[in-house]
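Colleague: Got the file open here. Can you walk me through the pockets and the charged pairs?

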Amino acid sequence: MDNDRHFRRPTSLSFSFRLLRRPDLLGLLLGALAGLAAIGAAGSPGGPRGGGDGSPPALAVTHLPPLLTVPGEPVELRYDVACLTLPAGEEDEVCHPAGSVFVRAGAAGPFRELALHEEPGAAGDRFVASVPEALRTSPTGFSYYAVFRAPSGETVTHPAGGARAPQRSVPLDGVRTIDLGTHRFGHTRAAAARVAEASWGSGPGQVGLEQGRNLPPIGGASFDVDRSGAVHVLDEANRRLLRWRPGARTPESIPLAINGTLADLAVDEEGALHVLETVGEGREQPFLRTFGPDGAARGRIAVAEQGVQVRVGPDGPLVLEQPSGQWMPATSGGRPLTTAEQLAGGRAGRQLRGGGEVVVLRHANEVRLALVSPSGARRSWRLTSETPLAEVQLAEPLGDRLVVVVRVYTDERDEFLVAVLDRTGLVERFSLDSADWAETAPLSRFRLLGSSLYQLGSTPEGVFVSRYDLEVR
């Protein structure tokens with residue numbers, strides 16, 4: 001990276017990296033896995049978006065779910081709760097919410113209510129409940145949700161689906177522990193090929209760049225690679241998509257009827273384009289918009305909560321939604337789902353087209369990963385590091401392996417670490433330049449197609465997509 005880039009990194013790291021240090025903004029966003037599952041990065045603000053009249057919610061709830069646990073580990077459920085509104089005339093009163101958590105063994109059966117107690121010495125209103133050993137040691141883990149009551153009487157459920165879509169915690173037996181040690185910066189792998197490249201601008205074949213006062217530039221919001229190997233870059237500033245066919249040096253330009261704000265992109269097997277916008281129209285909720293391969297609008301779906309990420313699941317697009325911090329289906333059998341149906345279908349892990357889920361928990365300098373089925377974790381890994389770890393950008397199966405991309409950082413610099421895991425542990429690892437001069441959607445920088453890993457990057461000159469070939473035996 002150039003010297004100027006190094007100089008500004010401490011105060012202007014990538015969008016997703018900065019969010020990691022702002023749990024009040026999107027906490028569990030980088031706590032739900034980069035494309036897959038829940039990443040418990042910093043906590044997720046919980047509760048509804050507001051009343052049906054557009055009023056704000058009474059409470060904001062922040063929670064780091066213990067999605068993956070190890071034997072002998074004490075498990076506590078902690079919630080930070082803040083009053084956003086108080087009854088008229090009581091603006092100076094102290095907020096005194098109350099709450100309970102409802103827990104059960106496994107993923108079925110009746111819930112047991114546990115009282116949440118205020119944690120002594122905690123700043124603000126922090127509530128905690130210890131999970132009973134019988135539930136904590138259940139072979140299938142446990143599931144739970146919490147309900148809080150504000151002084152106004154309004155209740156907030158976290159996650160919003162409640163008993164229909166609780167959080168699930170899975171125990172890891174036989175987990176493989178991999179010590180990454182201290183990261184060596186500056187030893188990055190060169191790309192096998194640069195498969196797409198465009199300069200900044202609004203002309204043909206260029207990508208729009210937005211710059212605000214005292215803010216980093218934003219451009220090339222997201223990308224995806226379809227099964228033919230065509231690279232799609234979402235040029236949100238110019239309200240279009242640029243598509244590079246395999247081997248092409250210049251892209252096709254496809255106009256899209258989008259808002260022109262930061263958005264995420266997923267391309268399905270039929271070539272349909274799913275664009276998840278982070279900002280709605282006026283006071284409306286954000287939309288998931290679908291377009292044909294030619295850019296023709298096919299419809300839009302209002303997402304139940306703030307949408308963060310979109311990927312294609314076994315039955316259509318899945319949206320990672322906040323504040324619940326869960327993956328929610330947008331369609332079923334091709335039918336758009338209502339917001340209530342989306343909330344009811346929420347899951348901590350992202351469903352994979354081949355069956356099962358991948359669940360990821362990032363906490364402190366450790367990343368836990370598991371391939372999960374209804375009966376529990378089939379395979380699991382723990383990555384520990386002496387160098388701080390930020391967001392998990394990708395965790396995708398590759399045959400019987402798992403490919404993981406996580407950001408490593410210090411106060412001065414950062415890189416991406418790629419790790420390929422199998423039943424025995426670490427198969428391959430290498431580092432990549434973060435290449436994130438311009439901001440993108442938070443978890444949009446990597447895609448895996450077959451044994452090729454693709455990275456969306458940018459410099460002051462423009463945006464590009466590079467391909468890295470993984471070892472497959």
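Modeller: Terms first: helices (H or I, at least four residues) and strands (E, at least two) are DSSP runs, numbered from the N terminus. This is a predicted model, where local features need pLDDT of at least 70, side-chain atom pairs count only at pLDDT 80 or more, and totals for chains, interfaces and linings use all residues. Residues are numbered from 1 along each chain as its sequence is written, and side-chain values use heavy atoms, with hydrogens and water left out.

Colleague: Fine. What volume does the largest pocket have?

Modeller: About 760 Å³. A pocket is an open set of points on a 1 Å grid over the protein atoms alone, where a 1.4 Å probe fits, with protein on both sides within 12 Å along at least five of seven lines. The volume is the space filled by probe spheres set on the points, which are joined across faces, edges and corners.

Colleague: What does S31 pair with?

Modeller: S32 (residues 401–409), antiparallel, over seven bridges. Two strands pair if DSSP finds at least two bridges between them. Leu 394 stands opposite Val 405 in S32. The two strands form a hairpin with two residues between them, and Gly 399 in the turn has a positive phi of about 65°.

Colleague: New topic. How many salt bridges?

Modeller: The count is 24. The rule is a side-chain nitrogen of Lys or Arg within 4 Å of a carboxyl oxygen of Asp or Glu.

Colleague: Is Arg 407 buried or exposed, and what is its partner?

Modeller: Arg 407 is buried, at 0%. Its salt bridge is with Asp 414, with the closest N and O atoms 2.4 Å apart. Asp 414 is also buried, at 0%.

Colleague: What about Arg 311?

Modeller: Arg 311 makes a salt bridge with Asp 264, at 2.8 Å, N to O. Arg 311 lies in S22 and Asp 264 in S18 (residues 263–267), so the pair ties together parts 47 residues apart in sequence. Arg 311 is buried at 9%, and Asp 264 is buried at 2%.

Colleague: Which salt bridge has partly exposed partners?

Modeller: Arg 245 with Glu 252, at 2.6 Å between the closest N and O atoms. Arg 245 has a relative accessible area of 41%; Glu 252 has 31%.

Colleague: Last one. Where is the second largest pocket centred?

Modeller: The closest residues to its centre are Leu 64, Pro 66, Glu 76, Arg 78 and His 363, of 21 in the lining. The volume is about 470 Å³. S4 gives the most to that lining, with four residues.

How values were computed: Buried < 20%, exposed > 50% of the residue type's maximum accessible area, 1.4 Å probe, protein only. 1 Å grid on protein atoms, 1.4 Å probe; cavity = no way out; pocket = protein on both sides within 12 Å on 5 of 7 lines; lining within 4 Å.
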